[in-house]
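Please keep the sequence and the 3D view open as you read.

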Amino acid sequence: MGEQVGQKPKRELPRSRVLVAEQTAKIYRDAFAAKARGEKVGWSTAIFPQEICETLDIPVLYPENNAASISAKHLGGELIEHAEGAMQYPSRICSYARLNMALADKIQDPAYSKADPLMPSPDFLLLANNSCTQLMKWYECLSRDLGIPIFFIDCLFNYYEEKPAKHKITYIRKQIEKYIWDMEAFSGKKFDWDKFLEVQKRSQINSKLFDEIIRLNMRTPAPMSGFDFFNYMSCLVLARGKESTTVIFEQLKKEVEEHIANNTTTFPSEEKYRVHWEGIACWPNLGHNLKTLKNYNVNAVINGYVTAWNVDYEPGDLDSMASAYASSSTNSLSTNTIMNMRADTIENYNCDGMLCHVNRSCKMMTFHIFVGRHIIEERTGVPCANFDGDQSDERIYSEAQFETRLQGLVEIMQHRKEANHG
Amino acid sequence: MADLPEMLAELQSVADSPKKMLAKYLAQGKKVVGCFPIYTPAELVHAAGMIPMGVWGGQVNPSVAGQYAPIFICSIMRSCLEFGMLGKYKGLSAVIMPILCDSFRGMSGAWRVGVKDIPLIALIQPQNREVDGAREFLAAEYGVVKEKLEEIAGHKISGDAIENSIAIYNSHNATLREFARAANRHLDVITPKIRHAVMKSAHFMEKAEHAAKVKDIVLKLAELPEHKWTGRKVVLTGITAEPGDLLDILAENKIAVVGDDLAQESRQFRTDIPAGQDPLDRLAGQWLSRSACSVVHEKTSARPDLVIKLAKENRADGVIICLMSFCDVEEYEYPLLAKTTAQAGLPSVCIDIDQSTENSGQARTKLQTFVEML
Ligand code: SF4
Ligand code: SF4
């Protein structure tokens, strides 16, 4: 979710990337401006029904996305230190939470300016626990420390493989309805149901468009370095319901199609191997990840994280929306469900292997890897390799270990290729 | 009636070796269903004529669980998985698992691949308890659990049977609360380890049977003169306070436990099942009334308030925060707990609770320093 992640651009940025940067900057600017006018500004978890605040035109920023951006700029360490030191949070909780709770504390001092991007202090919180339960605890802490309300959509967890049962959908739909009334009352704004329908449609257009773009990477060799997709995730997190995202995605689609037509790619070396990257990126270590992948001619053509934002529902149907928010995150689905989806992806994207980020912050994503690895190996036959890391805490990742694990994976992939050809 | 030391020793032995209890119930021809921490509708198992048995792991350095559970999953779930994979829970007809945290989300998958012979009955409690619909949702969720239990029991579970079990559970709660009060008048007899054993043994015995034994203990205690405790007094908060070694260290340092907010102990007994028309709805109502627990979403600082109240009411000198290793829900609450207890004039110490090691050396040093502070 970081902005302009990866290596320092040597080439001119593609137009779509410029648009992303502009959109993100505008969203932050608007939030600060609203705050300055005395209007309410919210902080939200990444896969919350954004459609409601979008409809009410209330600015919302996203701590997970913000923490990713700060981490990618290597500015997270000091905040994490503050969380573990003065604030006394154990170092074992999610590093996004540590970073963000520290930021929330720091920005109470108007003179504080070290983090980038900064966020205005929130007046309310939007919490959906579809990604994990830690979010719930994290937001409880923010709410207590800042003395602000939480609007909560409890999205449950799909412990079995079937679609969410009726009683679950009803419970979630009722929460969305209550949230709409509560937010109307809180903001003093009238909820416009026609506009809501338009926002829902726009969100669907954007999700589908992004899905189409990602699928273009099924081609061998891929038109995109898979890591490039990380640069567009902010559109789906911060602006899933905005028209400006449609413009960006249409531009991006054009660029990818041009690469296909010209037989070019954004991957910076010859693509000898294609892998599925499992888990969040190690934002502070993206440069090293990418450089090493490039050196070993491995393109991480697809990853589960960038496809996690597809909240797919029927506009106008709240039940369908409830069901979508209950099953859109990687961590809201059972390991069987997720790893079978991954196996499909590995087949569809013609991957030679799977590279799994054992993320110290994220218990559930790691569980998927440990519990579901056999599903990948049995169904697809491709080898998997794990490496240790963290999305924000730089102390966990080891450059040497990453390279060794990748090297090991490459050797197996090479043998398999030779065996298949020989 | 046996004498007090015998009664206490019996419950100590139950707490120390749940496996024996499992074997005993199986030998009686009973079906036994495992109940994961912290809150499961065990009343439904009971109403089916089966024995609900707590699954709380134990001290073990995992040798096989690491295949499915990363090292940074809470210590208790790793040992539960280890025991499951090693066949130590053989004999359980199923396990009920409430998805209360991320470790449970993952465990629901790990259990299904790692312990294939013991079926998993998962459920999830609603966390947005303020919304109209949370209660109906949970009653429906319990309804699904009930159907699965009926399949295992081989017969229907009647509403009357559930009502009957609810009465037994509520009465058991009252008995255990009574025991906690009585214990404080006899801190010479009810050492930290014994207090723990009486409470923990509840997880491995049929509740009416357990309540009867604890009632007898309370009666026997009443026959003794009240003891004037001259040592220090503390309140415990966390998931569990184990191993026994840890509690021995308290006793060695003349520290008595006068109250607890432990998931394995008082959190089990402090919230009754409310009155109502429909038994599943009543069970759901209990979840809605739970408070001051790290796995329950609340907007207030209910837990520190409760811990402080417990400490003040029982004249405790300090608080021991028993922090389960890698239990994130508890870890998020740590700073608030530490700060608010300090503001209330209660010193606290944080002890890492780790089921993967028998070594309490670090805890010993910390507790020795702590007692000097009190
Ligand atoms: S990284 Fe994992 S634990 Fe942290 S907020 Fe995201 S889903 Fe939750
Ligand atoms: S993380 Fe905490 S609440 Fe969850 S299973 Fe482990 S000890 Fe229990």
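## Spaces and strands

The lining of the largest cavity is made up of 17 nonpolar, seven polar and three charged residues. In this count, Ala, Val, Leu, Ile, Met, Phe, Trp, Tyr, Cys and Pro are nonpolar, Asp, Glu, Lys and Arg are charged, and the others, Gly among them, are polar. Before going on, please note that this is a predicted model, in which local features need pLDDT of at least 70 and side-chain atom pairs count only at pLDDT 80 or more, while totals for chains, interfaces and linings use all residues. Residues are numbered from 1 along each chain as its sequence is written, chains are lettered from A and ligands numbered from 1 in the order in which they are written, and side-chain values use heavy atoms, with hydrogens and water left out.

Searching the whole structure turns up nine cavities of 30 Å³ or more. On a 1 Å grid over the protein atoms alone, a cavity is a set of points where a 1.4 Å probe fits but cannot get out, and a pocket is an open set with protein on both sides within 12 Å along at least five of seven lines; lining residues have an atom within 4 Å of a point. Points are joined across faces, edges and corners, and the volume is the space filled by probe spheres set on them.

| Space | Volume | Lining residues closest to the centre |
|---|---|---|
| Largest cavity | about 370 Å³ | Ile38(B), Thr40(B), Ala42(B), Tyr169(B) and Gln268(B) |
| Second largest cavity | about 250 Å³ | Glu64(A), Ser131(A), Ile280(A), Cys362(A) and Met365(A) |
| Largest pocket | about 880 Å³ | Thr307(A), Asn310(A), Ser327(A), Leu333(A) and Met341(A) |

In chain B, domain 1 (31-157) and domain 2 (231-374) each give at least three residues to the lining of the largest cavity; these bounds come from an automatic or database domain assignment. Elements of chain B that supply at least two lining residues there include α7 (159-183) and α12 (279-289). Helices (H or I, at least four residues) and strands (E, at least two) are DSSP runs, numbered from the N terminus.

For the second largest cavity, α6(A) gives the most to the lining, with three residues. Its lining holds twelve nonpolar, seven polar and three charged residues.

Around the largest pocket, α13(A) provides the largest share of the lining, seven residues. That lining divides into eleven nonpolar, 17 polar and nine charged residues.

Is strand β6 (residues 298-303) of chain A enclosed or open? Six of its six residues are buried, so β6(A) is largely enclosed by the rest of the structure. Buried means under 20% relative accessible area, with a 1.4 Å probe and protein chains only. β5 (residues 273-278) of chain A runs parallel to β6(A), joined by four bridges, and Arg274(A) has Asn299(A) as its bridge partner. Strands pair if DSSP finds at least two bridges between them. Helix α11 (residues 286-295) of chain A carries the chain from β5(A) to β6(A) in a right-handed β-α-β crossover: with the strands pointing away from the viewer, the path from the first strand over the helix to the second runs clockwise.

In chain B, six of the seven residues of strand β3 (residues 92-98) are buried, so β3(B) is largely enclosed too. Ile96(B) of this strand stands opposite Cys35(B) and has Ile121(B) in β4(B) as a bridge partner.

Notes. Buried < 20%, exposed > 50% of the residue type's maximum accessible area, 1.4 Å probe, protein only.
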